[in-house]
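This briefing takes up a loop residue, a nonpolar core and a set of salt bridges. Please look over the sequence and the structure before reading on.

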Amino acid sequence: MRGLLAAAVAFVVACAPLSAHSAGAKHGKDKKARKDYREIVLPTGTNLHLELRSALASDASQVEDTVRARLRKPLAVEGRTILPAGTQVVGYVTDVERSGRISGRAALALRFTVVRHDGEEYDMRTRTIEREADSTKGKDAAKVGIGAGAGAAVGAVLGGGSGAATGAAIGAAAGTGAVLATKGEDVRLEVGTPLDTQLTAPLRIWVATR
């Protein structure tokens, strides 16, 4: 009895890899073997006009976060549409810089690595898309100037010319303190934001010949 059980277990173990391989081969059967499909190559430098489908922000996103987008405009070769508008592309966040209170502007970078078409996924490479927050130097200078002006006005009322100079210094210091306590601008990319990039390697797509 034990001999029969052992033989049965051995048979199942031996057949398992074969079954798994067969299932994988069936699932992995792609369009290369079909006569009604042919390979089209989109060359390096092809422009991709995208529309973001994932909201991103320099104060919330993390490196390697998934990013989704879709084509705003179709990609065509010799007048024939290969990838229609709405085709999904997927990538990830490559870099995030948080805004600082003293120095450093917020920044965000991403790129795309996969395109989905006709039930298949294809690897692709694109240029990195980078966005940097607007500089706050002008706003910071205004804050310091307002502080100095207000301080000078108060000082002049209280102590004449010398009081104005002292008040200006105190006001400027107060303005500088406000700048240091204020966090810089963040980079925010909302759903629907248009993005433009280019292929940095040829993209091979199998398309129906009819």
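**A buried loop serine**

S61 sits in the loop that runs between β3 (56–57) and β4; strands (E, at least two residues) are DSSP runs numbered from the N terminus. This is a predicted model, in which local features need pLDDT of at least 70 and side-chain atom pairs count only at pLDDT 80 or more, while totals for chains, interfaces and linings use all residues. Residues are numbered from 1 along each chain as its sequence is written, and side-chain values use heavy atoms, with hydrogens and water left out.

**Surroundings of S61**

- S61 counts as buried, because its relative accessibility is 5%; buried means under 20% relative accessible area, exposed over 50%, and partly exposed in between (1.4 Å probe, protein chains only).
- Leaving aside residues up to four places away in sequence, S61 touches L56, V96, R98 and L108, where contact means heavy atoms within 4.5 Å.

**Nonpolar core**

- The largest nonpolar core has 33 residues, of which L83, F112 and L203 touch the most other members; such a core is a set of buried Ala, Val, Leu, Ile, Met, Phe, Trp, Tyr and Cys residues joined through side-chain atoms within 4.5 Å.
- At least two residues of this core come from each of β1 (37–42), β2 (47–52), β4 (66–71), β6 (80–83), β7 (88–97), β8 (107–117) and β13 (203–208).
- With residues up to four places away in sequence not counted, F112 touches L50, V67, R68, A69, V89, V90, G91, M124, R125, T126, I129 and L195.
- In soluble globular proteins, nonpolar side chains tend to be buried together.

**Salt bridges**

- The count comes to 8 salt bridges, each being a side-chain nitrogen of Lys or Arg within 4 Å of a carboxyl oxygen of Asp or Glu.
- R70 pairs with E51 in a salt bridge whose closest N and O atoms are 2.8 Å apart. R70 lies in strand β4 and E51 in strand β2, so this pair ties together parts 19 residues apart in sequence. R70 is partly exposed, with a relative accessible area of 33%.
- R105 forms a salt bridge with E132, with the closest N and O atoms 3.3 Å apart. Since R105 is in the loop between β7 and β8 and E132 in strand β10 (residues 129–132), the pair ties together parts that are 27 residues apart in sequence. R105 counts as partly exposed, at 41% relative accessibility.
- D186 and R188 meet through their side chains in a salt bridge (4.0 Å, N to O). D186 is partly exposed at 22% relative accessibility, and R188 is partly exposed at 49%.

Notes: Helix = DSSP H or I, 4+ residues; strand = E, 2+ residues; numbered from the N terminus.
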